Amino acid sequence: MTGETEILGESLPFDERIEIPNWEHRKVDLGTYRKSHESSVKNSEVLWETVAKELDWQRPWDAVLAKGEHPHVAKWFPGGAINLSQLALDRHVAGNRKNKVALIWEGEAMGDDGSPKEVRKLTYFDLWREVNRFAFLLKNNFGMKKGDRMAVYLPMIPEAVVVLLAAARLGVTFTVVFSGFSAEALSSRINDLGAKLLVTADGLNRRGKQVNLKEIADKALEQTRTVNQVIVVKRTGSAGTNMKAGRDFWFDDLMRGVPVSARVEPEQVESEHPLYVLYTSGTTGKPKGMIHDNGGYAVLLHATMKWVFDLKDEDIYWCPADIGWVTGHSYVVFGPLIEGATTVIYEGTLDFPQPDRWWQVIERYGVSVFYTTPTATRMQMRFGEDFVKKHDRSSLRLMHSVGEPINPSAWRWLFDVVGEKRCPVGSTWWMTETGGIMISILPGLMLIPMKPGANGLPIPGIDAEVVDDKGDPVAHGEKGLLVIRNMWPGMPGAPTGMWGDPERYVKQYFEKFLPKDYFFCGDYAVKDNDGYIWVAGRADEVLKVAGHRLGTFEIESSIVSHKAASEAAVVAIPDPIKGEVPIAFVVLKNGFAPSEELRKELRHWVRSNFSAIAEPSQVYFVNKLPKTRSGKIMRRLVKAVAEGKPLGDVATLEDEASIDEVKQAYESLTII
Ligand code: WTA
């Protein structure tokens, strides 16, 4: 696995070191960091216990870490009890953050006067009261109790935060399904989790248009057996929302019946009890339900909010991630609220109605800590500096990006143009499975020099390494696979790591390096001479489209569910803005002929039957796909053709003519 590694065609500046004068107070040299990191890994349980002691527990733990019933599923802080709703609300309400603004929410629509039509600010007291009332409803009217499961299919509105915190308060395990996903995606997640209740909305606002969410939810509910109660938040107020009597209830109507004085004591929640299950794409058609516990997860969030974001009481923090993704769970809802921060939530698209909406929000609320993405940054770069410069960004003091590798020029743009060389800029590496940030610079703890495009060193307590196929560290500067060699709080939790599928959990993440107990992340990475890790992209069949995680299999399954498609191979090609985009090679069924209409229809099909973010940027028709003799599609070869790269080993290829098919189909369209 040797060879040049680059991000979006840009080579990696391994030897560049950037320091900021105004962060002297946190500056350490690399040797100091490495030494302290080494000892933190050796004594990681001591470290995590120290962090855990900074939180309020309902009951202390018996041990820091214990093995679960299943191999590689750990229990963090067993014997302890903790409630994340209490942690995020009650302890602030009982102290001097009671009247501090917890949430600043801005709706997408803009008024004629150039200010947003809707802004809602909720103090910690307001939020606490709403969460109590909604928890009261869930408990008393809907009979929800600890151990029950519920699904959440909501846009970015304050109610989403209320719903998640109310579930956490009762110990009800929730799953959030991204509001851009289709009915099929929603129903399959509801069924897998066995959710009893669904919270959704009548609709959502996106780019000035309304999407009827309830209609999609209704379609999903036709294919589910477990949900018999639905709570609907009125967001768009669109006429004719179908409400099924006895099953569907308006959130507002229900809440009107609950007195403001309603209180629900936070349930005693065991540390290892599942807080939520979040489904994420893997290398099969079926998404994986990753389980996150309460205690370990809270500890990792608390540590990373401090070390990575350096969060202080006077900060205004903004992470525009959707609650449908793990970033929304960890760093929009739970992380910032556990810390007692003021967090901004914006409903809509970042470039709507004008490209400078991003900068407007930062200016309007005086955002000081900003957590963004490489795709959004590249989009802004294309719009140009004028949009940025016209807004006051003097409040900004720290920025990080997440979700995909950041190319060095995008990093420089954030650092030079947006932050005017004043703000540390990081690229935090982590994934749904890890629960929180694993590799990052740490402006809140010890700041090492920054390198444009690098993730940095692993955070304290985390033993991340770049290894070869056998699990041995590769030479510095060489491409290898990223693994985590020890356990960490926030890792997939009890009882099974992956909901209902302990075997798949072990197979997916540990089998590759057994008997070494390494967690295999599925990413390619390089470690440079200074020990900085540069994650360069996925090493498996997972795509990162604008930072969104999608499986090639999921897109292929969606394509072949169309009546005309018999087989499909989806691969990712680099895209200057989105990082990667999917393209599809499709074999048609007998009786269907290639046409421009069909091409469009298939793209539209994926859009409406799976998700807009999964739409292939191009569809190519072929008579056959390259396969192994055992019939497995060789996506690696398809990708090599599309990227104009050498094919590599073709020994297992069944029929070489299939490669010419792919080549011809690709070139004929590309040339046009
Ligand atoms: C990628 C998102 C490079 C990586 C939090 C990982 C990154 C996948 C970075 C997880 C980063 C995330 N630099 N790559 N800073 N952050 N990734 O589950 O490929 O949606 O495996 O979690 O995103 O995606 P997920």
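In the predicted model, the axes of helix α5 (residues 158-170) and helix α10 (residues 326-338) come within 10 Å and cross at roughly 65°. Axes are lines fitted to C-alpha atoms over the stretch in contact, with angles from 0 to 180 degrees between N-to-C directions; helices are DSSP runs (H or I, at least four residues) and strands likewise (E, at least two), numbered from the N terminus. The crossing of α5 with α10 is right-handed, the near helix being turned clockwise from the far one by less than a right angle. Val161, Leu164, Leu165 and Ala168 of α5 meet Val333, Phe334 and Leu337 of α10, contact meaning heavy atoms within 4.5 Å. These residues comprise 7 nonpolar, no polar and no charged.

Residues are numbered from 1 along each chain as its sequence is written. Local features need pLDDT of at least 70 and side-chain atom pairs pLDDT 80 or more, whereas totals for chains, interfaces and linings use all residues, and side-chain values use heavy atoms, without hydrogens and water.

Around the ligand lie 18 residues, of which Thr432, Asp523, Arg538, Lys544 and Arg549 come nearest (a heavy atom within 4 Å counts as near). By class, this shell holds 7 nonpolar, 6 polar and 5 charged residues. An N or O atom in the side chain of Lys544 is 2.7 Å from a ligand oxygen atom. Nitrogen atoms of the ligand lie 3.2 Å from a side-chain N or O atom of Asn455 and 3.3 Å from a backbone N or O atom of Glu404. Of the 530 Å² of accessible area that the ligand has on its own, the protein covers 97% (Shrake-Rupley method, 1.4 Å probe). Two or more residues of the shell come from each of α10 and β24 (533-538).

Conventions:
Nonpolar A, V, L, I, M, F, W, Y, C, P; charged D, E, K, R; others polar. Polar contact = N/O pair within 3.5 Å; in protein donor to acceptor, adjacent residues only side chain to side chain.
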